[in-house]
Amino acid sequence: MFKLIHQDKNSRARLGKLSTACGDIDTPCFMPVGTQGTVKTMSPLELEEAGAQVMLCNAYHLFLRPGIEVIKHSGGLHKFISWGKPILTDSGGYQIFSLALLRKVSDNGVEFQSHIDGMKHLLSPEDVIDIQSGLGSDIMMPLDECVHYPCARDHARLSMERTVDWGRRSKERLAKNLSGAGAKDGQLLFGIVQGSSYEDLRKECAEKITSIGFPGYAIGGVSVGEPKNLGNDIVDFTCGFLPPDKPRYVMGIGLPEDIVEAVGSGIDMFDCVVPTRYGRNGTAFTSGGKLVVRNSPYIEDQGPLDRQCRCYTCKNFSRAYLRHLFNTEEILGLRLVSLHNINFYLDLMRQIRDAIKKDEFAGFKRNFLSSYIKN
RNA sequence: GGGGUCGUGGCCUAGUCCGGUUCAAGGCGCCUCCCUGUCACGGAGGAGAUCGCGAGUCCAAAUCUCGUCGGCCCCG
């Protein structure tokens, strides 16, 4: 399942390979986010050409629409969305956090009020595993409770303990589904570590979750309003509580600088909406930093978004044209900048893997941050 | 030459009849910032007008009066 290929000699960064039912994933990796079964504005072909080895979908959203039965009847999620490579599905745990006004949480699960039609749905950790079993995702995430920052210690402890309990119940449910043919062979379930900003709670959670035993571990509850440095610290010390022989996934991270930082702490997997969301809003990631292509300095700029990039967008279109597309609200602009951003992220991951292979990650990180941040 | 009508930020307009806590407003455009397991082609904010110009009335004028300049329309 997970093979640690190389440990960088001068940092905690590592190179690995995660094998799933639908193929291998080179780590550290970035998983483009396709909440509703699509990475917004991008076709599976474009994703594949950019080098994506895995994508993320959201079980909660797909459960609401089109519904699990529709996807089952279509032959599973991979077939439904025409993506043959690995899929990781998020549980809806993050929606407990982000849809605060539309839900109620108890030990038994979450009551969501659908943002689509207002209907109420009660989802237990078992329901969420059943949904993901039905989707046929390669890596499933258990329901967890992600809290805002700052979070009172008592509340952080309760949600941490609830997350552990839900993790245990999720694992039991998956075992039952696998033995009863309710799940696809080889479906993996990761454990999630919560505990807010409290190091001792993170440690306790990591110990409890790893003693339950999962094929991979995620760090949740980061980038929920905390200061930047604290977020990095949480990832860093939590990583130290996780076993080296299993993949480590930090959920929802992040900006390029966050990813480079977290790789240095020993993280293997990332997902983030930023490259596509920023792409749709006219901000490009480049080797020289963020570039808001809508801004006036680019009105006559004949250069590409990033001279060092070889993506379709950079090979064919100028900043001036992209700015024009955004100013006239033409859909192609959203697509081209999203495409570039995804290429930038996946290329960044390739460079990271390459640097680790050569034991040069520390230098790579230093160089990257200095040229990226200076903008 | 006579009569009428209009003139408010880059653009289009509201307000003028009944002058003063909707009087300087709105839309578009322009500019900038934000976005981290996506309720999202989203969110927030900013700059920019001595209301054509001049004089008068009044405690007070985009608003009333007179003059003047410019645009448009009609009549000679």
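**A guided tour of chain A**

Begin by selecting β1 and strand β2 (residues 14-20), which pair in the antiparallel sense over 5 bridges. The model on display is a predicted one. Within this pair, select L4 and then G16: G16 belongs to β2, and L4 stands opposite this residue.

The 3 strands form an open sheet whose order is β1-β2-β3, with antiparallel pairing. Which strands lie at the edges of this sheet? They are β1 (2-7) and β3 (23-27), each of which pairs on one side only. On passing from one strand to the next, the twist averages 15°.

Now select residues 331-357, which make up helix α14. This helix lies across β1, β2 and β3, and runs at about 120° to β2.

Finally, display the whole of chain A. How many helices and strands does chain A have? There are 15 helices and 17 strands. The radius of gyration of chain A is 20 Å, close to the 21 Å given by the globule rule for 375 residues, so the chain is as compact as a globular protein of that length. Viewed along its principal axes, the C-alpha trace spans about 60 × 50 × 40 Å.

Definitions and conventions. Residues are numbered from 1 along each chain as its sequence is written. Chains are lettered from A and ligands numbered from 1 in the order in which they are written. This is a predicted model: local features need pLDDT of at least 70, side-chain atom pairs count only at pLDDT 80 or more; totals for chains, interfaces and linings use all residues. Helices (H or I, at least four residues) and strands (E, at least two) are DSSP runs, numbered from the N terminus. The radius of gyration is taken over C-alpha atoms; the globule rule is 2.2 Å times the number of residues to the power 0.38. Two strands pair if DSSP finds at least two bridges between them. Axes are lines fitted to C-alpha atoms, for helices over the stretch in contact, and angles run from 0 to 180 degrees between N-to-C directions. Two residues are in contact if their C-beta atoms, placed from the backbone, lie within 7 Å.
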